[in-house]
Amino acid sequence: VLGSTFFFVGFRVLQTAAPNIVEVLLHRPLADLLFVQQAPLLVVSALTFFVVPFFQKRIGKRRLIMIAAVFLALLMGFGVPALPSMPFLAVPIFGLAGVSIAIFLAVPNAILADVCEANARTTGERREGMFFGAQGFLQKVSLGVAGSGVSILAETLGKSVDNPLGVQLSGPLAAVADGATAIAFARYPEADVQARASLAPPVAKDVSAAP
């Protein structure tokens, strides 16, 4: 859940900073946001969903997420600051980001389902609602954290064409969150969780004859 939260911080940073990236770094009207950022990201994400199950089975959920996190961190950390001098990179950067985002929208939920199943097999209780509720709450927290971070950078370091540093640093900020995602998932005990999830469910106690 911590790794998923870090990812959503990075994702929200990208979403929040996107209008400024288009207007300040690319010197284009806000109306171009759809063509520069949203369309490439959505199209590539939609296509990636079809191949996620294949790679998930081949290399495992944990490794797939770690690769996606590092890849997205490199894209954001180096790509966004370079946009003022190389604006032609915008569409490829956001398009390639769709690969990692598709993985993160699919695989962490599958991992959480594994955790829920492992917990149920070892405790005899179904508590999916609590697990997914905790994840949902932290995702809402990530929205506030990301928005605050982007605003602080922009207001403190600049968000104008003449002084775009605050907008440029939104990329490295997202990269830090994505790097933390990779570190968090590196500590996820995938083999242990899957072993517990494959256990026979505990036998329910018969309390009908209790005095």
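The model is a predicted one, with local features requiring pLDDT of at least 70 and side-chain atom pairs counted only at pLDDT 80 or more, while totals for chains, interfaces and linings use all residues. Residues are numbered from 1 along each chain as its sequence is written, and side-chain values use heavy atoms, with hydrogens and water left out.

Helix packing comes first. Two packed helices are described by the angle between their axes and the distance between the axes. Helices here are DSSP runs (H or I, at least four residues), numbered from the N terminus. For helix α4 (residues 61-82) and helix α5 (residues 90-123), the packing angle is about 150 degrees and the axes lie 9 Å apart. The axes are lines fitted to C-alpha atoms over the stretch in contact, and angles run from 0 to 180 degrees between N-to-C directions. That makes α4 and α5 roughly antiparallel to each other (over 145 degrees; under 35 is roughly parallel, 65 to 115 roughly perpendicular, and the rest oblique). The crossing of α4 past α5 is left-handed (the near helix is turned anticlockwise from the far one by less than a right angle; clockwise would be right-handed). On the α4 side, the residues making the contact include Lys61, Ala68, Leu72 and Met76, and on the α5 side they include Ile93, Ser100, Phe104 and Asp114. Contact means heavy atoms within 4.5 Å. Sorted by class, this contact has 18 nonpolar, two polar and three charged residues (Ala, Val, Leu, Ile, Met, Phe, Trp, Tyr, Cys and Pro are nonpolar, Asp, Glu, Lys and Arg charged, and the others, Gly among them, polar).

Helix α2 (residues 33-49) also packs on α5, at an angle of about 40 degrees and with the axes 7 Å apart. The pair is therefore oblique, and the crossing is right-handed. Among the residues in this contact are Phe35, Pro40 and Val44 of α2, and Phe94, Gly98 and Leu105 of α5. The class count for α2 with α5 is 14 nonpolar, five polar and no charged residues.

Next, the core. The largest nonpolar core has 46 residues, and Ile21 and Met76 touch the most other members. Such a core is a set of buried Ala, Val, Leu, Ile, Met, Phe, Trp, Tyr and Cys residues joined through side-chain atoms within 4.5 Å. At least two residues of this core come from each of α1 (2-25), α2, α4, α5, α6 (128-157), α8 (170-186) and α9 (190-197). The biggest share is that of α1, with twelve residues. Apart from neighbours within four places in sequence, Ile21 contacts Leu26, Val80, Leu83, Phe94, Val167 and Ser170.

Thr181 belongs to helix α8 and is buried at 0% relative accessibility (buried is under 20% relative accessible area, exposed over 50%, partly exposed in between, with a 1.4 Å probe and protein chains only). Thr181 is 176 residues from Thr5 in sequence, yet their C-alpha atoms are 7.9 Å apart. Beyond four places in sequence, Thr181 touches Gly3, Phe6, Phe7, Ala69 and Phe104.

Lys61, in helix α4, is buried too, with a relative accessible area of 14%. Its contacts beyond four places in sequence include Asp114 and Glu190.

His27 sits in the loop between α1 and α2 and is exposed, at 53% relative accessibility. The phi of His27 is near 60 degrees, a positive value in a residue other than glycine.
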